[in-house]
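Subject: Structure handover

Hello,

Here is the structure we talked about passing on.

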Amino acid sequence: MVTLIWILATIFVLAAAAYFRAPGWTWALAAGVSLAGLTVRGALSPAVTGSLWTLLIVASALLLIAPLRRVLLSDPLLGWFRRVLPAVSQTEQEALDAGTVWWDGELFSGRPDWGKLLSVPKPVLTAEEQAFVDGPVEELCRMCDDWQISYELNDLPPEVWRFIKDRGFLGMIIPKRYGGLGFSALAHSEVVMKLASRNPTACVTVMVPNSLGPAELLLHYGTEEQKNYYLPRLASGLEMPCFALTGPEAGSDAGAIPDFGVVCKGRHEGKDVLGIRVTWEKRYITLGPVATLLGLAFKLYDPDHLIGTEEAIGITVALIPTSHPGVSIGRRHIPLNGSFMNGPNGGNDVFIPMDWVVGGQPYVGQGWRMLMECLAAGRAISLPSSTTGGSKTAVRATGAYSRVRSQFRVPIGRFEGVEEALARMGGNLYLMEAARVITAGAVDLGEKPSVISAIVKYHSTERARQVVNDAMDVHGGKGICLGPNNYLGRGYQQIPISITVEGANILTRSMIIFGQGAIRCHPYVLKEIAATKEADRAAATAAFDRAVWGHASFLVGNVVRSLWFGLTGARFTPAPGAAETRGHFRRLSRLSASFALAADMAMLFLGGDLKRREKISGRLGDILSYLYLASCTLKRWHDDGRQQTDLPLAQWAVEDAENRIQEAFYGLFENFPVRPVGWLLRLLVFPFGRTFRAPDDALGHRVARLLMEDSPARDRLTAGMFIQRYEADPVGRLEVALQRVAEAEAIEAKVRAAVRSGAVREFAAGERITTAVRLGVITAVEAETLKRYDELRRACIMVDDFPPDVGRHAAAEPVSIGAFEEALVVRKTA
Ligand SMILES: Cc1cc2nc3c(=O)[nH]c(=O)nc-3n(C[C@H](O)[C@H](O)[C@H](O)COP(=O)(O)OP(=O)(O)OC[C@H]3O[C@@H](n4cnc5c(N)ncnc54)[C@H](O)[C@@H]3O)c2cc1C
């Protein structure tokens, strides 16, 4: 019995050493003390005792005596690693090298330091940035009439174009010394988000020049001359930029563009200069049809060795005025009825001088690296902001509509089926906003988070797709019939654009998030790979030795941590923050350790094949993503002052993420190509089977209610979006109706009671109300309130209809709502 306790104690001590990732000598010491105890007690046969001592001494010597370990273990391992390491192309390598690692590194560590995350200051706007959001951005939103833009003009009206250029919207990322606004990433994100909540065309028009394009490239790599000339012109709207990478043959595989340039001599402005003859065919280029400055990516060749010894120089980026002879640009695509400018462009053998290359001749061949570096930050802002803005409008309007629209004499939002959709919308939006703000804050702290930017891009756009689908379902026909009063249809139509651009989502999920994350964020893999590239054998072995044994201890530690957390439900692990969220922090610590373990097992057993196993990589990417999104959600709740009324939203989002992580793990266990590893992982990660569950109905009910009430929590959920509480504005009308619905319902209830008692007969509504007033059931003032509310309610539920030639007559006048609006005195209630 004593022997058994002794052995169990030894296992416990070794497990503790693994859990805390203790240095190797503590393992050897613990094992030695244990074996000594067994030897003294004579608990084992002499043969077994002798074998165990030999094993311990040999293993300790091999692992603890560094020179011995390097020669006998690390060096052969390095040779094997070099052989199995998959080939990485230069474009892949440059993508991997781009950007920085932030909270994603903590999640990969299996031991995230929550205190570190919570201590990151809440991102806030400066007074100047806030004034811009409250002033010009608000005004621009007011100027945008979506129906006029998307149906009548298929373009922004000239005064809106002028306003965008004159008020500096195109130069938000350009520093003030060049005439730009010099905004933070958060301010940039706030502007894009607010515009998206009002009008997608204005949003894209502002978003694109502030994203990856000429301005961003010039800021980082331009020559002083290029910066001094172009940046002030771009900031003031004198130049309209576009950036052209994609073509018919190269979309997702953008590194394979067939567009090419050949270094040669030619004449430019009357002089013989060194330059490039460029041939290209691009498509889908946003702002292309109105651009004056084309940022062009092509592959450069120097067959005559005019600038060096290499012939194939690589992807190069140049800025070409669109007025330059030979540039063909101006035609438009129609991207799902989006009215922003988008179209193809091309050129055949167009000569450009060498100093049009961004950064000049020293930067030829650097294009892919430049693009990847800029994408790391830009992708974190544009689509997360625009999709969150659009979702805010959808959520706010749907919550109000669900209260105002009744069927079966019940507001539709009170039906449990609709509640489910509303709960998803609220939870998803809370999480999207959290990720948007915290990621923009990270960019402002100097991060260029390449993996996180892929996570937020993918998940914001996917959640927005879910939000708009839910909004459409809840609105029924009201969302479907297009016209000036439809505030959902265009967003619904255009959501696939956000899914496709800046890295199409299927590719982003299945290749990029985990593929890049595993190498960039893992605490040891990058170091191991770097060691394989070290030319000096001794230095390579020393570096590899440090990395690989650190990795081994990390792996063993995560085995123990996973199992321990699985057995205890992570109840004993420390967690920060408020009592309401501490359990979630613990669960996320548990899932992070299990994720680190699963990631290592996948890399160990699948090696280079993991690159092709996109279903496995996709699931691992999902786990990493949900860990990040749940982290942001918890941080947001703390940053927002731990508002109790917002708690259902945060809880819904985190419970949903935890449940999705669990399901991704199960998908991994059940499909892991090496079946015993799948079984083992399942045992280590979920020893008691599934323990997480999706948000329950009661929680969903609380979230849905929150969306249907005019409350500070609803305002916080949709903060920063554009709202006008006017009856003439289709979304604003719902706001006014929501403010009045409770009062109207109370009056209506009195009338209904009188109908039920037989005092008032159920004829037409007007007559019912007149009788109710006559009989003193309600007052004349209440009757007027009810009548006015009913007009408003009807305006909220009505859709537009048109003359029979709709579609052929450019400015077809809607009739039904138009008539209502004429009769309506526009009242500004807030
Ligand atoms: C409205 C709009 C605006 C745009 N603006 C610009 C712009 O301003 N400048 C610019 O250069 N480009 C722009 N683009 C191009 C955009 O970046 C590309 O559309 C995108 O890169 C995808 O390329 P593709 O459409 O050719 O799809 P494809 O590359 O043909 O992809 C088709 C599908 O295959 C999937 N896929 C491809 N490879 C893999 C893989 N290895 N693993 C898993 N799935 C994979 C993709 O995820 C996608 O679902 C724009 C596109 C649109 C639609």
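**The nonpolar cores**

Leaving aside neighbours within four places in sequence, F595 is in contact (heavy atoms within 4.5 Å) with L107, F108, F514, L620, I623, L624, L627 and F665. F595 is also one of four residues, with W102, Y628 and F665, that touch the most other members of the largest nonpolar core, which has 74 residues. A nonpolar core here is a set of buried Ala, Val, Leu, Ile, Met, Phe, Trp, Tyr and Cys residues joined through side-chain atoms within 4.5 Å. Buried means under 20% relative accessible area, exposed means over 50%, and partly exposed lies in between, using a 1.4 Å probe and protein chains only. A second, separate core has 66 residues, including F132, C144, L170 and V327. In soluble globular proteins, nonpolar side chains tend to be buried together.

Before you go further, note that this is a predicted model: local features need pLDDT of at least 70, side-chain atom pairs count only at pLDDT 80 or more, and totals for chains, interfaces and linings use all residues. Residues are numbered from 1 along each chain as its sequence is written, and side-chain values use heavy atoms, with hydrogens and water left out.

**Aromatic rings**

How many aromatic pairs does a search of the whole structure find? The search finds 24. Rings of Phe, Tyr and Trp (its six-membered ring) pair if their centres lie within 6.5 Å; planes under 30 degrees apart count as stacked, over 60 as edge-to-face and the rest as tilted. Y229 and Y230 have ring centres 4.9 Å apart and planes at 75°, so this pair is edge-to-face. Y229 is partly exposed, at 46% relative accessible area, whereas Y230 counts as buried at 11%.

Y666 and F669 also form an edge-to-face pair, with 5.3 Å from centre to centre and 65° between the planes. Both of these residues are buried. They are three residues apart in helix α26 (residues 647–671), so about one helical turn separates them. Helices are DSSP runs of H or I with at least four residues, strands are runs of E with at least two, and both are numbered from the N terminus. Ring pairs link F665, Y666, F669, F686 and F692 into a cluster.

Two arginines lie over rings. A charge sits over a ring if NZ of Lys or CZ of Arg is within 6 Å of the ring centre and within 35 degrees of the ring normal. R690 lies over the face of Y666, 3.9 Å from the ring centre. The charged end of R636 sits over the ring of Y430, at 4.0 Å from its centre.

T633 is buried, with a relative accessible area of 0%. A polar atom of its side chain lies 2.7 Å from the backbone oxygen of L629.

At 10% relative accessible area, D622 is buried. With neighbours within four places set aside, D622 is in contact with H459, R509 and A664.

A440 belongs to helix α17 (residues 416–444). A440 is buried, with 0% relative accessible area. Which residues does A440 touch, not counting those up to four places away in sequence? They are A185, L186, S189 and I381. A440 and A185 are 255 residues apart along the chain, and their C-alpha atoms are separated by 5.4 Å.

Helix α2 covers residues 24–41, and its 18 residues should span 26 Å at 1.5 Å a residue; the end C-alpha atoms are 26 Å apart, which agrees. The expected span is 1.5 Å times one less than the number of residues. Among the buried residues of α2 are A28, L35 and L38. The buried residues of α2 pack against α1 (2–19) and α3 (46–64). Just after α2, G42 takes a positive phi of about 65°.

In helix α9 (residues 146–153), the buried residues are W147, I149 and S150. They pack against α12 (200–207) and α20 (489–500). Just after α9, N154 takes a positive phi of about 55°.

Regards

Definitions and conventions: A polar contact is a pair of N or O atoms within 3.5 Å; within protein, one must be able to donate a hydrogen and the other to accept it, and residues adjacent in sequence count only if both atoms are side-chain atoms.
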